[in-house]
Amino acid sequence: MTVVRKTIGERLAQLEAQRKTLQIRLGKQERAIDTRRKVLIGALVLHRLEHDRDVQIGAGLAAWLRSELPKFLTRDGDRDLFDDLLKPRANEPTVGNIGSVGSGSAV
């Protein structure tokens, strides 16, 4: 039985293929982490919107989203997903008057 040794060129080609495979894996892992972070941030925002309606942060967050989302969302299908958030609700402050409701006087 004879052992066939690979040439240096063949070994380098094999190592390069392994490197490319690992780079692809790393890219997938980084995208998965990025997606998970976005999901968690989104879950926090939606939780605050649903449960903090009477608190200034909930109303302020809703107003801020109504101001910023239309600029951020470029596809109609994406806008449709946030239709319930984009419509203003009665008795919620706008971005311009957050913090001034009931304050009486400006400082």
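This is a predicted model: local features need pLDDT of at least 70, side-chain atom pairs count only at pLDDT 80 or more; totals for chains, interfaces and linings use all residues.

Residues are numbered from 1 along each chain as its sequence is written, and side-chain values use heavy atoms, with hydrogens and water left out.

Q: How many helices and strands does the protein have?
A: Helices (H or I, at least four residues) and strands (E, at least two) are taken as DSSP runs, numbered from the N terminus. From the N terminus on, the elements run α-α-α-α. The secondary structure therefore comes to 4 helices and 0 strands.

Q: What percentage of the residues in the protein is buried?
A: A residue is buried under 20% relative accessible area, exposed over 50%, and partly exposed in between (1.4 Å probe, protein chains only). Among the 107 residues of the protein, the buried share is 15%.

Q: Which elements do the buried residues of α2 pack against?
A: Helix α2 covers residues 56-72, and its buried residues include Gly58, Ala59, Leu61, Leu65 and Leu69. The buried residues of α2 pack against α1 and α4 (83-86).

Q: At which residue in α2 does a kink lie?
A: The bend at a residue is the angle between axes fitted to the seven residues ending there and the seven starting there. In α2 a kink of about 30° lies shortly before the proline Pro70, at Arg66.

Q: Is Glu50 buried or exposed?
A: Glu50 lies in helix α1, which spans residues 8-51. Its C-alpha atom is separated by 9.8 Å from that of Ala62, 12 residues apart along the chain. Because its relative accessibility is 56%, Glu50 counts as exposed.

Q: Which residues does Val45 touch, not counting residues up to four places away in sequence?
A: Val45 also has its place in helix α1, and it counts as partly exposed because its relative accessibility is 22%. Val45 and Leu61, 16 residues apart in sequence, are 8.1 Å apart in space, C-alpha to C-alpha. With contact meaning heavy atoms within 4.5 Å, Val45 touches Leu61 and Leu65.

Q: Which element gives the most to the lining of the largest pocket?
A: On a 1 Å grid over the protein atoms alone, a pocket is an open set of points where a 1.4 Å probe fits, with protein on both sides within 12 Å along at least five of seven lines; lining residues have an atom within 4 Å of a point. The largest pocket is lined by 18 residues, with Ile41, Gly42, Leu69, Phe72 and Phe82 nearest its centre. Two or more residues of this lining come from each of α1, α2 and α3 (76-81). With 7 residues, the element that gives the most is α1.

Key
The expected span of a helix is 1.5 Å times one less than its number of residues.
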